[in-house]
Amino acid sequence: MTDQNILDVLIVGYGPIGQTLSILLGERGYHVAVFDRWPALYPLPRAVFHDHEIRRVFHAMGIGEEVENISQPSATYQWFNADWKTLIEIDWSAESISDGPVGYLFNQPSLEALLDHKAKSLPNVSVQQSWEATELRQQSDCCEVTFRKGALIDGDWTPTGETQTLRSRYVIGADGANSFVRKSSDIAFEDLGFEEDWLVIDLKPNEGVVLDVPDIGQWCNPARPTTMVPGGPGFRRWEFMRLPHESVEDLQKPEKVWELLAPWVTPADATLVRYAVYKFRSLLAETWRDRRVLLAGDAAHQMPPFMGQGMCSGIRDVWNLAWRLDLILKDIATPRLLDGYTPERRPQVRAVIDASIAMGQVVCISDLDAAARRDEAFLSGQVPPLPPFPGLTDGLVCVRRDFACDAPAGLLSVHGQVRDADVESRYDDVMPNGFHVITLDADPQTCLDDASKAALARIGAHMIGITDDVSQTVPGRVLFDLSGKYARFFAEHGVKALIVRPDYYIFGAVPTLTALPVLIGELVSMLCVETVRDAQVFSTTLA
Ligand SMILES: Cc1cc2nc3c(=O)[nH]c(=O)nc-3n(C[C@H](O)[C@H](O)[C@H](O)COP(=O)(O)OP(=O)(O)OC[C@H]3O[C@@H](n4cnc5c(N)ncnc54)[C@H](O)[C@@H]3O)c2cc1C
């Protein structure tokens, strides 16, 4: 931070997305302040699933082991018809590209408590709870945000009369579905059309009680579409769709809650943690950036939870923002690097929302004939399998046809166990975060020219070789591919080298090492590497 009165980044909203970004930036040494309206964390469970990619982010934040202690690996996600015949199976227990299963189940308040502890342990992160953002103004060199203080009086948030105004180079709106930051930047939501009410019930089975319930499943029963999942270790969740003839009030009565749970669990077996009706919607902000203001998490997108991707998508947003802001705040790249944020994140999240809606449309059928047609289509094998998880299609990715390989640019990169000398570890733990040039069966120190090495040094990139041939390993320079995943991934795509971004997505790949300098040149020019202070760039764009 050059001006001691201007923060590097101010985050509005201290839900899981604001918490995650404050840690990612705080650990990189930036002066960050994060504000939330409420004096305490939101206590009620919402997200229960996160995927393998997000687990890699938790590891990168240094909380991988703690998250492991509050979560459990997922079983296969099963979708049944009313007669309990299997319509779809999604194997979330299978080995993922990231070293470990596809997904994990957890309890959101336990995760938020862990993130809160980590954020508050960072001396350069200021966490300010009980402050509500009320005004946001953009200037050429910074933003100004005004907050008013509140206190809980008889359960109601009540202003105390105290206010404060802070200046920051960037402001991130991680302030959830009704985002003040989005509204004050005049950014509209595109409504993708899904809207259903579901009653969400979390409970804690009594010690020793074993419930007869699919571990993780959707019961596509037109009489009552129902979800049943673990709510993290020691918890279970049920979700019941509101039927057309019912009101929200009908569903929220305790006797109705136990009536719906009765086929599986009774008050003698478990304690209710909470129940509430949620409106599942599909909304996408038109743009995720207005000059120095960026949106992330539910402030930028909302989706029905059938793929368990709402919070995961928000964590991808801030994981993407963290390295962009890092390069800009270090003056390695210009603020034009932020131009790629919306083109990268929005289409990927759009594809995830579309998939979540498609899955929602399978389960949310209350009409008997429509359900019979659906069952017939699935049971006769007429429904194609789910598409693979979407990668990045725009932004900082390089798909050059002249490289003539099965370009994995934009895909999440492979991750596995490696051995360096005698030390075995996760690749991400052994290599510092940043851009990585990874060469197969070759030492990049010897095969790259000086100009390429200098270009990589300028952007703080790392070079490393990887091989499954132990005779080719070089301590600190060519790692042994202990899990064999790298050799398989490179062979599958016909490539000899990858450039992986700090968020683990592949910038580009080449089929021969001789093409690597060209790819490095592309990266450096696309990164907008210039030593221009961002104030100058913004003063021209604002003029
Ligand atoms: C029933 C249900 C199940 C779900 N299941 C999953 C799942 O399995 N997997 C998954 O990935 N996601 C899931 N989700 C989605 C996930 O819970 C959300 O995407 C996630 O909580 C969003 O986090 P956030 O930080 O963006 O927003 P929030 O958690 O809403 O946090 C926003 C914060 O901003 C604060 N704020 C708002 N306005 C202001 C202001 N003006 N000033 C200061 N502070 C402000 C709020 O007080 C709040 O604390 C589920 C959601 C629901 C409802």
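Modeller: Glu-196 stands opposite Phe-280 in S16, and this facing pair belongs to the stretch where strand S12 (residues 189–205) and strand S16 (residues 270–285) run antiparallel, joined by 14 bridges. Two strands are said to pair here if DSSP finds at least two bridges between them, and the strands and helices themselves are DSSP runs numbered from the N terminus, with at least two residues (E) for a strand and at least four (H or I) for a helix. Residue numbers start from 1 along each chain as its sequence is written. The model is predicted, so that local features need pLDDT of at least 70 and side-chain atom pairs count only at pLDDT 80 or more, whereas totals for chains, interfaces and linings use all residues.

S16 is also joined to S19, again running antiparallel, by two bridges, and in S19 the bridge partner of Leu-284 is His-301. These strands are part of an open sheet of eight strands, in the order S6-S5-S13-S14-S15-S12-S16-S19, whose pairing is mixed. Strand S6 (86–90) and strand S19 (301–302) stand at its edges, and because each has a single partner strand, one side of each is left without a neighbour in the sheet. Within the sheet, strand S14 (residues 226–230) and strand S15 (residues 236–241) pair in the antiparallel sense over five bridges, with Pro-230 standing opposite Arg-236 in S15.

A second open sheet is made of three strands in the order S3-S7-S4, with antiparallel pairing. S3 and strand S4 (71–73) are the edge strands, each with a single partner strand, so one side of each has no neighbour in the sheet. From one strand to the next the twist averages 30 degrees, where angles run from 0 to 180 degrees between N-to-C directions, and axes are lines fitted to C-alpha atoms, for helices over the stretch in contact. S4 and strand S7 (residues 103–106) are paired antiparallel over three bridges, and the bridge partner of Ser-71 in S7 is Phe-106.

S3 leads on to the ligand. The ligand is surrounded by 34 residues, of which the closest are Gly-13, Gly-15, Gly-176, Gly-297 and Gly-310; a residue counts as near if its C-beta atom, placed from the backbone, lies within 6 Å of the molecule. The elements that give two or more residues to this shell are helix H1 (16–27), strand S2 (32–36), strand S3 (49–51), strand S9 (131–138) and helix H8 (310–329), and H8 gives the most, with four residues. By class, the shell has 18 nonpolar, 10 polar and six charged residues, where Ala, Val, Leu, Ile, Met, Phe, Trp, Tyr, Cys and Pro count as nonpolar, Asp, Glu, Lys and Arg as charged, and the others, Gly among them, as polar.

H8, in turn, packs with helix H9 (residues 341–363): their axes come within 11 Å and cross at roughly 165 degrees. That makes H8 roughly antiparallel to H9, since angles over 145 degrees count as roughly antiparallel, under 35 as roughly parallel, 65 to 115 as roughly perpendicular and the rest as oblique. The crossing of H8 and H9 is right-handed, a crossing being right-handed if the near helix is turned clockwise from the far one by less than a right angle, and left-handed if anticlockwise. Ser-313, Asp-317, Asn-320, Leu-321 and Arg-324 of H8 meet Tyr-341, Glu-344, Arg-345, Val-349 and Val-352 of H9, contact here meaning that the C-beta atoms, placed from the backbone, lie within 7 Å. The residues of this contact divide into four nonpolar, two polar and four charged.

The other shell helix to look at is H1, whose axis comes within 9 Å of that of helix H4 (residues 108–120), with a crossing at roughly 30 degrees. H1 and H4 are therefore roughly parallel to each other, and H1 passes H4 in a left-handed crossing. On the H1 side the contact involves Pro-16, Gln-19, Thr-20, Ser-22, Ile-23 and Gly-26, and on the H4 side Gln-108, Leu-111, Glu-112, Leu-115, Asp-116, Lys-118 and Ala-119. These residues divide into five nonpolar, five polar and three charged.

Note on methods. Contact = placed C-beta atoms within 7 Å.
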